[in-house]
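Dear colleague,

I am passing on the structure we spoke about, with notes on what was found in it. Please read them with the model open beside you.

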Amino acid sequence: EARLKVVFDVSVDKKKKKKDKVKGAIRTDFILSAEIIVISLGTVATAPFMQQLGVLAGISVLMTIGVYGLVGGIVKLDDAGLWLQKKANAAARMLGRGLLLGAPVLMKFLSVAGTAAMFLVGGGILVHGLPTVHHLATAVLPNAGIWLTLGDALWSGIVGVVAGALALAVVEGIKRLRKR
């Protein structure tokens with residue numbers, strides 16, 4: 001009920017809230033897209049230049065259409081819910097209400113899952129791209145079956161969080177220097 005009150009409250013700047021949601025989604029998707037491009041480049045690193053170019057162009061098109069299209073649809077779920085709420089059909093109104101109640105939960109889940117994915121993928125890129133970090137991981141992790149896979153994911157997550165914290169510290173430091 002509280003969420004529905006916010007949706008119908010005219011004092012809440014819905015355009016700003018929507019812009020903030022979109023900005024956050026674009027930032028997350030941009031980082032994940034960059035990580036996918038890095039992984040793709042690593043996969044075709046020994047291929048001829050034109051093949052590398054073709055693979056990157058194809059992945060770029062698929063990422064743009066697939067990921068940004070999906071994110072755009074998810075961001076518009078609450079708009080679809082509002083539109084359905086205005087219909088005369090009781091089933092449409094019920095579906096609209098479900099979308100309005102479910103969209104914030106879905107957005108929260110996706111923001112947490114997207115952040116975790118960025119740490120895991122980014123950390124994995126660093127672990128496999130920096131020989132010292134990779135050798136440290138193989139020395140620390142147990143060498144048996146699923147534990148190696150779970151340990152590798154955990155190590156990638158830790159490296160991703162540390163790298164993210166360092167990047168945040170640098171960005172915040174630059175912001176403070178600009179203010180002075």
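Glu-172 has a relative accessible area of 31% and is therefore partly exposed, where buried means under 20% relative accessible area, exposed over 50% and partly exposed in between, with a 1.4 Å probe and protein chains only. Before going further, please note that this is a predicted model, in which local features need pLDDT of at least 70 and side-chain atom pairs count only at pLDDT 80 or more, whereas totals for chains, interfaces and linings use all residues. Residues are numbered from 1 along each chain as its sequence is written, and side-chain values use heavy atoms, with hydrogens and water left out.

The side chain of Glu-172 meets that of Lys-175 in a salt bridge, at 3.6 Å from N to O, the term being used for a side-chain nitrogen of Lys or Arg within 4 Å of a carboxyl oxygen of Asp or Glu. Both partners belong to helix α7 and sit 3 residues apart, about one turn of the helix, and Lys-175, with a relative accessible area of 45%, is likewise classed as partly exposed. The structure holds 2 salt bridges; Asp-79 and Lys-76 form one as well, with their closest N and O atoms 3.4 Å apart. Here Asp-79 counts as partly exposed because its relative accessibility is 31%, and Lys-76 is partly exposed at 46%. Side chains of opposite charge can pair when their charged atoms come close.

Turning to the chain as a whole, its secondary structure comes to 7 helices and 0 strands, where helices (H or I, at least four residues) and strands (E, at least two) are DSSP runs numbered from the N terminus. Of the 180 residues in the protein chain, 21% are buried. Where contacts (heavy atoms within 4.5 Å) join residues at least 6 apart in sequence, 60% of them link residues at least 24 apart.

Helix α3, residues 49-75, has 27 residues and spans 37 Å from its first C-alpha to its last, close to the 39 Å expected at 1.5 Å a residue, that expectation being 1.5 Å times one less than the number of residues. The helix has a kink of about 25 degrees centred on Met-63, the bend at a residue being the angle between axes fitted to the seven residues ending there and the seven starting there. Met-63 is itself among the buried residues of α3, which also include Gln-52 and Leu-56, and the buried residues of this helix pack against α2 (14-43), α4 (77-85) and α5 (90-129).

The largest nonpolar core consists of 5 residues, Ala-25, Val-71, Ile-74, Val-75 and Met-107, and α3 gives the most to this core, with 3 residues. By such a core I mean a set of buried Ala, Val, Leu, Ile, Met, Phe, Trp, Tyr and Cys residues joined through side-chain atoms within 4.5 Å.

Finally, back in helix α7 (residues 145-179), which holds Ser-156, that serine is buried at 5% relative accessibility and, leaving aside residues up to four places away in sequence, touches Phe-119, Leu-120, Gly-123, Gly-124 and Val-127. Val-162, also placed in α7, is partly exposed at 47% and lies 43 residues from Phe-119 in sequence but 9.0 Å from Phe-119 in space, C-alpha to C-alpha.

With best wishes
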